[in-house]
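Let's go through this structure with some plain questions. Each answer sets a value against its definition.

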Amino acid sequence: GACRVVARTLGVEGAAGWVQSAERACAGLSRGDFDLILATGGPFVSFGLARRLSRRLGCPFVLDYRDPWTANPHIWDGVGTAGASSEEALLLRDCAAATVVSPSWAELIGGTFGATDKMRVISNGFDPDTFTGIEPARFDHFTVVYAGTLYPPKRVLDPVLLAFKAFAERRPARPAKFHYYGDYNAAVREAAARLGASAHV
């Protein structure tokens, strides 16, 4: 446990130990075996591995971001260290392209590292079959729905709840409700009570 704390403080990624096993598994690969290497992160140590394999195998590599790495506004456990940022800049310089899930991530990552020309947006999708037989929710009141996660203390619903409370109280004859779906039900209820918005949540 102490080693993990020290490693996090120094900016060592938790999956760093995985790389040697992955490199051993790729030791038998030769030039011509692949046309392209696609590395998905995190873990972001896969990006460095992709670059090393790309050089050895003579094929380009693409970085696939599920989330930002060192520019991530929601993670602050050493991932934004100068060494990690320099490594990310080097990898983005050398990759053939980088895929992200939104234009805002493309702007953030591309702008931060001068790699705007490398960024390609492939938005998150879903399998329509997952929703077969599911009826959409119908509400008899004006509704705002927030579905997803929060990142306390950086991303909380306090500003949204205060705005919604003000909106609902300006039109008392027309009911309005804020619906939250996610893993932070207790935190949302506590915030609503603290802000005097429980009647609208």
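Q: What makes R51 count as buried or exposed?
A: Buried means under 20% relative accessible area, exposed means over 50%, and partly exposed is in between (1.4 Å probe, protein chains only). R51 has 15% relative accessibility, so R51 counts as buried. A quick word on the source: this is a predicted model, where local features need pLDDT of at least 70, side-chain atom pairs count only at pLDDT 80 or more, and totals for chains, interfaces and linings use all residues. Residues are numbered from 1 along each chain as its sequence is written, and side-chain values use heavy atoms, with hydrogens and water left out.

Q: What is D94 called, buried or partly exposed?
A: D94 has 28% relative accessibility, so D94 counts as partly exposed.

Q: How do you know that E23 and R52 form a salt bridge, and what does the pair tie together?
A: Their closest N and O atoms are 2.8 Å apart. E23 is partly exposed at a relative accessible area of 31%, and R52 is partly exposed at 40%.

Q: What makes D158 and R194 a salt bridge?
A: Here the closest N and O atoms are 2.9 Å apart. D158 lies in helix α6 (residues 158–170) and R194 in helix α7 (residues 185–194), so this pair ties together parts 36 residues apart in sequence. R194 counts as partly exposed, at 49% relative accessibility.

Q: How many salt bridges does the rule give, and which residues share partners in a network?
A: The count comes to 5 salt bridges. Salt bridges with shared partners join R51, R93 and D94 into one network.

Q: Why is V145 called partly exposed, and what does V145 touch?
A: V145 has 45% relative accessibility, so V145 counts as partly exposed. V145 is in strand β5 (residues 142–147). Leaving aside residues up to four places away in sequence, V145 touches F139, H179 and Y181, where contact means heavy atoms within 4.5 Å.

Q: How many helices and strands does the protein have, and what makes the protein more spread out than a compact globule?
A: There are 7 helices and 6 strands, in the order α-α-β-α-β-α-β-α-β-β-α-β-α along the sequence. The radius of gyration is taken over C-alpha atoms, and the globule rule is 2.2 Å times the number of residues to the power 0.38. The protein's value is 22 Å, well over the 17 Å that the rule gives for 201 residues, so the protein is more spread out than a compact globule. Along its principal axes, the C-alpha trace spans about 70 × 45 × 30 Å.

Conventions
Helices (H or I, at least four residues) and strands (E, at least two) are DSSP runs, numbered from the N terminus. A salt bridge is a side-chain nitrogen of Lys or Arg within 4 Å of a carboxyl oxygen of Asp or Glu.
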